[in-house]
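Here is a friendly walk through the structure shown below. Have the sequence and the 3D view side by side as you read.

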Amino acid sequence: MRELSHLPFLSFFLLLFALLPFLPLGIWGAFLLDVGFFIQLFTAMALSWDLVARTGQLSLAHGAFFGLGAYGAGLLAPHVGTLPALVFGAFVAGAGALLLGSVTLRLHGLYFAIASLAFSEVLRTLALKLAFTGGPIGLPVPPPFGGVWPLAAYYLSFGVLLLATALSLWAEWSPFRLAQAATRQSEAVARVLGVRVVRVKLWSLLLGSLVAGLSGGVYGMKTLFLSPYDAFSLGRAVEALVIPIFGGLYSTLGPLVGGVVLVGLEQALRLWIKEGYLVVYGAILILVILFLPRGLVGLLGRRRG
Amino acid sequence: MELLLQTLLNGLLMSGVYALVATGLALSLGVVGIVNFAHGEFLMMGAFLSYLFFALQGLDPLFSLGLAFLAAFLVGGLVYQGLIRPVLPAPELNQMLLTFGLSILLQNLALLLFGADTRVVAPSYQAATLTLGPFFLGAVPLGAFMLSLGLLFLLQVFLTRSRLGLAMRAVAQNRLAPGLLGIEADQVYLLAFGLAAALAGVAGVMLSVILYASPTVGFIFTLKSFAIVALAGLGNLKGVVPAALVLALAEALVSTYLPGGGGLVEAVFFLVLFLALVGRAWRSP
Amino acid sequence: MRKALGFLVLLAGLAWAQTALKVGVILPLSGASAVSGKAALNGIQLAADEVNATGKAKLELVVVDDGTDAAKAVPAFTKLMTVDKVDIVIGGLASGVTFALSGPVKQYGPLFLVIGAASSVVEQAFEGYPLFFHYHPWDYHNVAAALQFFQYLNREHGAKKVAILYEDGPFGSAGIGVYKQQLEKLGYQVQAEPYKTGSGQFTAILTRFRAFAPDILYWIGYDVDALPIATQARQVGLRPKLIYGAPPSWPIGFERNPLSNDVAGMTAWLPTLSNAESRRFVEAYRKKYGEVTEEYMAPMGYTIVKSLALAVEKAGSNEKNRIAEALATLRMNTPFGPLAFKPSDTGKTRYQGFGADIWFQFQYLEGSRRPVFPKDKASRPLRYPGEYYLR
């Protein structure tokens with residue numbers, strides 16, 4: 001029942017995000033809404049990364065899934081409208097994940113990480129060279145629903161976060177969790193236990209990539225512009241991995257808390273320290289690892305225990 | 001034929017520096033068991049050290065080679081003692097985040113101190129060239145290649161002849177054995193991590209002459225080093241040189257023979273890596 | 001009566017001069033464009049100090065970092081609008097980030113004084129936005145200025161073949177098609193090859209260029225590529241008569257490197273320019289920061305604030321629309337030459353500050369950069385062929 005005890009926290013965070021536009025935040029309201037938009041997207045990325053990591057696959061391809069989703073949605077949005085375009089983008093990312101997953105089934109740990117990194121770099125070059133992506137010049141993307149509703153982008157990103165949280169919770173509460181954990185700890189043992197390792201790994205990667213693809217799609221509709229270096233950035237993949245470790249791995253609450261704290265912290269540090277704020281950011285990462293080996297949620301566990 | 005040989009020569013020369021940087025990474029990964037994202041930052045330190053001595057003292061980068069080796073060794077040792085040792089029992093992912101945080105910290109410290117500008121040195125031999133019949137070899141790339149090979153050879157001698165070196169290899173091959181043999185694992189780790197940093201530091205000095213010094217100069221080399229180490233097989237120190245050679249040659253061939261190849265160099269580098277990793281995984285049972 | 005009225009006007013004038021005008025500044029102080037961003041900020045702060053010292057207008061800067069990243073720029077911009085409540089924003093250096101700001105800019109409607117963002121896709125994004133003042137030339141201006149130089153090289157020096165090295169990001173490859181076409185129209189034979197910026201691996205491409213034997217080796221890339229290209233061209237035995245490049249900035253220490261000799265490039269400004277505004281700027285900059293800047297973004301930032309102060313003075317108001325009206329008809333001298341706003345060449349935006357004519361060509365000669373083209377800006381004749389050919 002460990003995971004149920006986190007439910008109040010989870011609901012609190014989600015409720016906070018849902019009601020953020022209506023909270024009396026005074027002059028900081030609009031700013032916090034923008035920050036909240038990106039926190040939701042990057043937290044969804046982190047949750048989707050964690051979902052994949054629970055099978056032992058350290059994905060550095062999340063930047064690529066993000067980019068595939070962003071370009072898929074961005075290219076289609078002017079023709080078919082916002083929601084179908086987002087779904088299409090997610091499917092493109094999912095197709096990429098199935099392609100990557102099916103050839104890298106036998107790679108583990110760092111080998112998988114490097115292979116997924118290589119996959120991501122190759123895709124970025126493709127986006128740069130292919131004619132229909134706009135190449136190096138970039139791709140303008142229309143705002144969601146023709147820009148009619150000012151809150152549309154925010155609630156799209158909230159939707160992505162909600163989906164990511166739901167998937168993560170489902171994976172945490174269902175027998176899927178045991179299959180994932182067994183696969184992570186030892187594939188051979190998992191097979192003996194009757195876990196269909198191939199399916200578990202592929203499903204995890206597919207679900208993770210769908211969320212990452214949606215994040216990318218919504219991101220493009222907010223920034224209104226995509227370039228291969230931005231959309232397929234390795235930094236995006238690294239951020240998706242940093243947040244869960246920072247917050248607490250293999251859980252739903254960890255990436256959620258990690259995302260809110262870390263993305264929020266970065267925005268805050270940049271505003272108040274200005275020059276060299278990343279020095280402080282790096283130092284905080286180091287300190288958390290040194291003193292909170294189980295991430296931020298380790299604090300909760302310790303207090304209760 | 002001439003073009004092919006020249007291309008192979010270009011690739012060969014580049015492989016030296018790749019191998020040097022990647023060997024450092026392989027040492028910290030194979031011996032200490034740390035995925036060090038901050039490896040390129042030791043390289044960056046070497047490059048800046050070379051630039052600063054050149055700009056302020058007029059010191060030839062050749063002299064900085066030794067200084068950078070020592071300085072990077074020292075910093076590497078300190079990093080090991082202060083940051084790496086406490087997280088050795090922690091899960092791999094925590095260690096990765098720690099080195100990632102260190103990388104951000106060091107890069108931005110450099111940014112704060114020196115700015116993001118690209119900085120270059122100007123030793124007299126920078127563009128010197130050796131011509132052998134129809135072929136040409138840049139003196140600096142050639143020197144960097146020879147020095148890299150020399151250093152790797154010395155490392156090999158150290159690993160096979162000295163007691164500490166043997167201990168290091170023992171750790172690399174079997175992370176449980178040294179405890180059984182009564183080898184001071186901690187000392188071995190410290191030395192390995194220091195050496196890894198030192199190799200990157202020396203490479204940084206070479207790159208300050210071939211390329212430039214800037215806070216981000218290390219990034220692409222960290223990336224490629226990971227690729228090389230993965231191709232060689234984690235912990236396989238001997239495989240690093242051939243792996244570096246394969247990737248450097250692939251790069252050179254692509255940029256010579258593929259139309260528009262200059263823009264595809266990195267994609268091919270990673271494509272080769274991807275295919276090699278996947279291919280090897282499917283071949284082995 | 002007239003006297004009293006005059007006195008009232010004077011009083012009113014004093015009153016608005018006393019209330020500080022808040023100006024938002026959003027620049028990349030970290031990330032890929034940090035060098036240019038910091039240079040621009042230095043210039044902006046210098047000009048604000050000068051303006052405040054005169055007492056004719058009072059500017060209060062609110063600076064935020066856009067991190068050269070849309071995800072950081074958008075919230076930072078919103079904060080300027082809603083928390084700091086500024087009506088005037090100086091910024092927009094990197095094109096991609098500026099594009100991302102087009103949404104919130106249209107939402108909040110500030111007077112937007114744009115320092116960079118040369119890519120003409122940005123022009124499309126801001127099409128029809130009434131308070132968009134773009135100081136920097138557009139990319140088609142850059143192309144036009146370079147082509148003028150190539151025309152001169154062809155006519156006066158008989159140059160016929162150009163080998164182009166272009167980096168494969170947006171900076172290098174956005175205009176490459178146009179370049180090739182236009183150069184061929186001028187009568188050039190063109191060979192163009194992409195490369196990865198910062199890779200330092202040019203030997204293969206340069207070797208291939210050797211068979212083509214170009215008169216001009218032209219690279220469109222970044223500062224990190226300057227030295228490797230100069231070095232490796234010599235090493236592979238490529239002997240162009242001119243090495244010409246157009247990076248946004250040049251490496252520090254390059255001028256002291258003998259390999260930079262006779263390398264030519266394009267810029268909008270050099271600290272050695274002889275016009276009065278530029279000399280005044282360099283002197284003031286040295287006084288405040290203790291050094292001379294080589295980055296043209298520093299005087300660009302300086303120019304924007306100076307023009308804004310003049311417009312505020314002329315408008316006699318802190319209201320953004322009044323200031324915009326005054327700015328639209330402003331004429332002033334700047335370190336780049338005269339500034340006046342007119343509709344852009346494409347007609348998409350209404351207020352374009354500088355055009356192709358602020359660009360000029362320089363050459364590294366005896367350890368410093370000197371203007372060599374066009375004639376009215378040249379302080380030295382172009383050395384053609386350069387020493388890399390004469391070896």
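Which residue of chain C stands opposite C:Gln361 in E14(C)? That residue is C:Met266. Please keep in mind that this is a predicted model.

**Strand E14 of chain C**

C:Met266 faces E14(C), and strand E10 (residues 264-267) of chain C runs antiparallel to E14(C), joined by four bridges. E14(C) also runs antiparallel to strand E15 (residues 368-373) of chain C, and five bridges link the two. The pairings look like this:

| Strand paired with E14(C) | Bridges | Opposite residues |
|---|---|---|
| E10(C), residues 264-267 | four | C:Met266 and C:Gln361 |
| E15(C), residues 368-373 | five | C:Phe362 and C:Pro371 |

The hairpin of E14(C) and E15(C) has two residues between the strands, and there C:Glu366 adopts a positive phi near 45°.

In a regular strand, side chains alternate between the two faces of the sheet. Here, C:Phe360, C:Phe362 and C:Tyr364 point one way from E14(C), while C:Gln361, C:Gln363 and C:Leu365 point the other way. Six of the six residues of E14(C) (residues 360-365) are buried, so the strand is largely enclosed by the rest of the structure.

Chain A has 14 helices and two strands. Its radius of gyration is 19 Å, which agrees with the value near 19 Å for a compact globule of 305 residues. Of those residues, 57% count as buried.

Turning to the interface, 30 residues of chain A are in contact with 32 residues of chain B. Helix H5 (109-129), helix H11 (234-247) and helix H13 (277-291) of chain A each contribute at least two residues to the side that touches chain B. By class, that side of chain A has 23 nonpolar, four polar and three charged residues.

Definitions and conventions
Residues are numbered from 1 along each chain as its sequence is written. Chains are lettered from A and ligands numbered from 1 in the order in which they are written. This is a predicted model: local features need pLDDT of at least 70, side-chain atom pairs count only at pLDDT 80 or more; totals for chains, interfaces and linings use all residues. The radius of gyration is taken over C-alpha atoms; the globule rule is 2.2 Å times the number of residues to the power 0.38. A residue is buried if 20 or more other C-beta atoms lie within 10 Å of its own, exposed if 12 or fewer, and partly exposed in between; C-beta atoms are placed from the backbone. Two residues are in contact if their C-beta atoms, placed from the backbone, lie within 7 Å. Ala, Val, Leu, Ile, Met, Phe, Trp, Tyr, Cys and Pro count as nonpolar, Asp, Glu, Lys and Arg as charged, and the others, Gly among them, as polar. Two strands pair if DSSP finds at least two bridges between them.
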